[in-house]
Amino acid sequence: MNVFHIVGARPNFMKVAPVMNALKTRKHVQTLIHTGQHYDANMSDVFFEQLCIPAPDVNLAVGTGSHARQTAEIMTRLEPVLLEGKPDIVLVYGDVNSTVASALVCAKLGVRVGHVEAGLRSFDRSMPEEINRLVTDQLADMLFTPSEDGDVNLQKEGIPAERIFLGVGNVMIDSLVKLLPAARRHNQHGLPEGSAERYALVTLHRPANVDNGIILKRIIQSLLEVSQDLSVIFPAHPRTRKRIADFGLHAGQLQIVDPLSYLEFLGMQSRATVVITDSGGVQEETTYLGVPCLTLRENTERPVTVSLGTNVLVGRDPDKLRSELSRVLAGNAKKGTVPPLWDGHAGERIAVLLAGSTTC
Ligand code: UD1
C-alpha cells in the first residue's frame, strides 16, 4: 500500500512517529510530507531527530500566515504532490491547520483519508482547532479515535459507523512510552538526576490566552504568585514570547526559556511538582505520568484526562488556580489512572486496521 503521512506542527510529530514505525514493519511504501507550518529548529527539526522520524520526502514550506492564508497555501502546494504521488491513503493527524487543509485536498481529489486522533471535541467553536476537527472528521474515510468519548461524538454527528475505528488508543502516548526512559536520563536546565527541586512547568500558546493583553497580563500575574511558592519554568512558544514583548509585560522571576526538545520537555514534565498549561497534548502526557495538571482553559477536548486523569480545568479564574495549587503543595493533588489503551501500541493497532481495509 502507498501511504502518505502529512504533518506540519509540533504536536503531530510525536503522533506520526509510532504509526510510521508500525507500518514500516508491514512493508508499506510510505511518503512523509511536512507542510512547514512549524519551521523553527526547536519547533520541528529536533522532534524529527529525537523521535527518529525520517526526513520529510516533501516540505511544502508554507510558514506562518492567517488561518485562511495558511490553510489555502497548504492546499495549493499539496494538490500537485498528491496528483503525482497517487497515494492509496493519506493519514492526517490531530487538529491543526495542516490537518484540515490536507483532508480538504484529499476529499476533492477523491483520495482516501485516515484521521488519527479523530472524534475529540471541546464543543467550543471559538477554538480554531475545533473547526479543524469537525471538518476533518466529516471528510475522513477512516477515523481512528483515541478514546470512547471520540466514538460517541462521531456517532452523534452522524458519521457512518463503518468509518469509525473505535478506540485504537493514543498514538502520542506510544511515543511517550518509548522515550520516557531516555527523557528521564536527559539533564534539563541544570536540574540534576533525582533532583529534589520543586517546580511548576508552564506552557501557554492558545490565542484565547495569549493574544489579548489583559488576559495574558492576568495569567502572568497568577504565575508570578505561583513563583512565590516554587520555581516556575516556562518554555515559551514563539507566539507567546512575542506577545509578552508586544504587550510590555514583566515576567519577573518566571524562568522563560525557548521551546524545549521532546526529550527535555518530557523529562521536565515527569519530574514537575505541577504542570500549568493550555495545551491538549500536555493534558494527556501529565495524565499518563500521574503529574498534577492545571489547565488554563474552560473546556477540554480530552475529557478523559479530567474524568480519569490528573487534569483539573481551572479556566482563567485566579482563585481556582490558587486553590488547586494549594492542594498540590499540600500533597492533596487529584489522583488519576491511565486511560484504557494508552499502552504504547496504538500505532500498531492502526497499522493492523489499515492492512485489513479492503478498499486500500
Ligand atoms: C498550532 C496549532 C495548535 C497547536 C500549536 C502547537 C493550528 C490552528 N494551531 O498553533 O493547535 O497546539 O500549533 O504549537 O494549527 N511560529 C514561529 N516558529 C515556528 C512556528 C510558529 O515563530 O516554527 C510563530 C509564528 O510567528 C506564528 C505563530 O508562531 O505566527 C503561530 O504559529 P501557527 O502555526 O500559526 O499556530 P500555533 O499557535 O503554533
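**Reading the ligand shell, the pocket and the cavities**

Author: Let us begin with the shell around the ligand, to which helix H1 (10–24), helix H3 (67–85), helix H5 (128–139) and helix H10 (238–246) each supply at least two residues. Please keep in mind throughout that this is a predicted model.

Reader: Which residues of the shell come nearest to the ligand?

Author: The ligand has 20 residues around it, and those that come nearest are His-38, Asn-97, Glu-129, His-205 and His-237.

Reader: Where does an oxygen atom of the ligand lie relative to the side chains of Glu-129, His-205 and His-237?

Author: For pairs of N or O atoms, the cut-off for a polar contact is 3.5 Å. In the side chain of Glu-129, an N or O atom is 2.6 Å from a ligand oxygen; for the side chain of His-237 the corresponding distance is 2.7 Å, and for that of His-205 it is 2.8 Å. As for cover, the ligand taken alone exposes 740 Å², of which the protein buries 86%.

Reader: How should I go about finding the space that holds the ligand, and where does the ligand sit?

Author: The general idea is that rolling a probe the size of a water molecule over the atoms shows where empty space is left. Here the ligand sits in the largest pocket, whose volume is about 1,100 Å³. The lining of this pocket has 47 residues, and nearest its centre lie Arg-10, His-38, Met-43, His-205 and His-237. At least two lining residues come from each of H1, helix H2 (41–50), H3, H5, H10, helix H11 (262–271) and helix H12 (280–289), and the lining as a whole divides into 20 nonpolar, 17 polar and 10 charged residues.

Reader: How many cavities of 30 Å³ or more does a search of the whole structure find, and which residues line the largest cavity?

Author: A cavity differs from a pocket in that the probe fits inside but cannot get out. The search finds 3 cavities of 30 Å³ or more, and the largest cavity holds about 100 Å³ of space. Among the residues that line the largest cavity are Ile-215, Arg-218, Leu-296, Asp-317 and Leu-321. By class, the lining of the largest cavity comprises 6 nonpolar, 2 polar and 3 charged residues.

Terms used: Residues numbered from 1 in each chain as written. Predicted model: local features only at pLDDT ≥ 70, side-chain atom pairs only at ≥ 80, totals over all residues. Heavy atoms only, no water. Near = heavy atom within 4 Å. Polar contact = N/O pair within 3.5 Å; in protein donor to acceptor, adjacent residues only side chain to side chain. Areas by Shrake-Rupley, 256 points an atom, 1.4 Å probe, with all protein chains shown as cover. 1 Å grid on protein atoms, 1.4 Å probe; cavity = no way out; pocket = protein on both sides within 12 Å on 5 of 7 lines; lining within 4 Å. Sits in = over half its atoms within 2 Å of the grid points. Helix = DSSP H or I, 4+ residues; strand = E, 2+ residues; numbered from the N terminus. Points joined across faces, edges and corners; volume = space filled by probe spheres on them. Nonpolar A, V, L, I, M, F, W, Y, C, P; charged D, E, K, R; others polar.
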